[in-house]
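Hello,

Here is the structure I promised to pass on to you.

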Amino acid sequence: MSASIQPAELGFFSTLAAAGSLSAAAREMGVTTPAVSKRLALMEDRLGVTLVNRTTRRMGLTPEGELYLAHARRILGEIEDMAQLLGQAKGEPQGLLRVNATLGFGRSHVAPVISRFARRYPEVDVQLQLSVNPPPLTDDAFDVCIRFGVPPDTRVIARRIASNRRLLCASPAYLTRAGTPRVPNDLARHACIGIRQGDEAYGTWRLTSGRGATQRTQAVKTRGPLTTNDGEIAVSWALDGHGIVMRAEWDIARYLRSGRLVQVLPGYRTPEADIHAVYPQRHQLSTRVRAFVDFMAAALAKGEAGGAVAA
């Protein structure tokens, strides 16, 4: 058999890989599991390579399958982009939009915006995936990623859609019991609630004071008995009086207003945490991507994304 790529099989294989099993893919495609298995076998026979390692319950991609999937997703994305560009004169965005966001912000802010976005643009199908550790910025698995801070990768476009700060805070009960830190080095003697997320240096808090020539940044190694990879859990522990937490203002603003949490070391600044919509450069002309990013930015500016994001 000669190795040849059938255009229709790009979408088939992308759906199969996303489903995670032959039976799940069959349900999504509306066919039988044997039909999916036969089509995959014909693909592999024609290409002369094994794309999928099959087991009774799950399946995994071979290195050749991973390569095929990466190129299939890129090609399918470019086809959708071309269709969008050719159809711009018709106005409304359409097609598949794949969005990634962090767990807490995705649940409380991105998901409500997508609900309204879907009503406004019914021709766009949206897939939202939430993750503790964001995927690589150059991964073709998503069209838009919502991130905190400026992404270091220059191969992507990062549009700032809302300002945001990380703040240190603790409950009044904890501060009454343990005392209130006056300078950053005081944190070393306090119970600090750790959050393991992404590639950020765990357990080291960087605090900056002054401006311009007088600016000074201190790195403080913190410790404490409680650690989690979920920001909401960390905030709940702070509310229960277990220690000091560093968290984005959007997550704790309501507790600061009610007095259940008190800001600690307010005269010091933490690393930037502005909210960005990140997408590949090839999507900068995509009408569905532009429409979603504009919609998200407007919702955050109006405080309509499930809670206010402070300026």
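**The open sheet**

Strand β3 (residues 95-102) and strand β4 run parallel and are joined by eight bridges. Helices and strands here are DSSP runs, numbered from the N terminus, with at least four residues of H or I for a helix and at least two of E for a strand. Two strands count as paired if DSSP finds at least two bridges between them. Within this pair, Leu 96 stands opposite Asp 125 in β4.

Before going further, a word on the source: this is a predicted model, in which local features need pLDDT of at least 70 and side-chain atom pairs count only at pLDDT 80 or more, while totals for chains, interfaces and linings use all residues. Residues are numbered from 1 along each chain as its sequence is written, and side-chain values use heavy atoms, with hydrogens and water left out.

Back to the sheet. It is open and has five strands in the order β4-β3-β5-β14-β6, with mixed pairing. The edges are held by β4 (124-131) and β6 (156-162); each has a single partner strand, so one side of each is left without a neighbour in the sheet. On average, neighbouring strands of this sheet are turned by 25 degrees against each other, direction ignored. Axes are lines fitted to C-alpha atoms, for helices over the stretch in contact, and angles run from 0 to 180 degrees between N-to-C directions.

β3 also pairs with β5, in the parallel sense and over two bridges; there, Val 99 has Val 144 of β5 as its bridge partner. β5 is joined to β14 by four bridges, and these two run antiparallel, with Cys 145 standing opposite Val 278 in β14. β5 is mostly covered, as four of its five residues are buried (buried means under 20% relative accessible area, exposed over 50% and partly exposed in between, with a 1.4 Å probe and protein chains only).

Helix α9 (residues 287-302) lies across β3, β4, β5 (144-148), β6 and β14 (275-280), and runs at about 25 degrees to β6. Contact means heavy atoms within 4.5 Å.

Helix α3 (residues 33-47) has 15 residues and reaches 21 Å from its first C-alpha to its last, close to the 21 Å expected at 1.5 Å a residue. The expected span is 1.5 Å times one less than the number of residues. Its buried residues are Val 36, Leu 40, Met 43, Glu 44, Arg 46 and Leu 47. Seen down the axis of α3, they fall within an arc of 165 degrees, so they line one face of the helix (the arc is that of the directions from the helix axis to the C-beta atoms). The face turned away from that buried side carries the exposed residues Pro 34 and Lys 38.

Just after α3, Gly 48 takes a positive phi of about 80 degrees. Val 49 then sits in the loop between α3 and β1 (52-54) and is partly exposed, with a relative accessible area of 31%. Leaving aside neighbours within four places in sequence, Val 49 is in contact with Glu 44 and Glu 64.

Helix α5 (residues 103-120) has a kink of about 40 degrees at Val 110, shortly before the proline Pro 112; the bend is the angle between axes fitted to the seven residues ending there and the seven starting there. The end C-alpha atoms of α5 are 24 Å apart, which agrees with the 26 Å that its 18 residues should span at 1.5 Å a residue. Among the buried residues of α5 are Gly 104, His 109, Val 110 and Phe 117.

**A hairpin**

Strands β9 (residues 204-209) and β10 (residues 216-221) run antiparallel and are joined by six bridges. They form a hairpin with six residues between them, and Gly 210 in the turn has a positive phi of about 75 degrees. Trp 205 has Val 220 in β10 as its bridge partner.

Gln 218 also lies in β10 and is buried, with a relative accessible area of 13%. Beyond its neighbours within four places in sequence, Gln 218 is in contact with residues including Pro 184, Trp 205 and Tyr 268.

**The chain as a whole**

The protein chain has nine helices and 14 strands, and buried residues make up 44% of its 311 residues.

Best wishes
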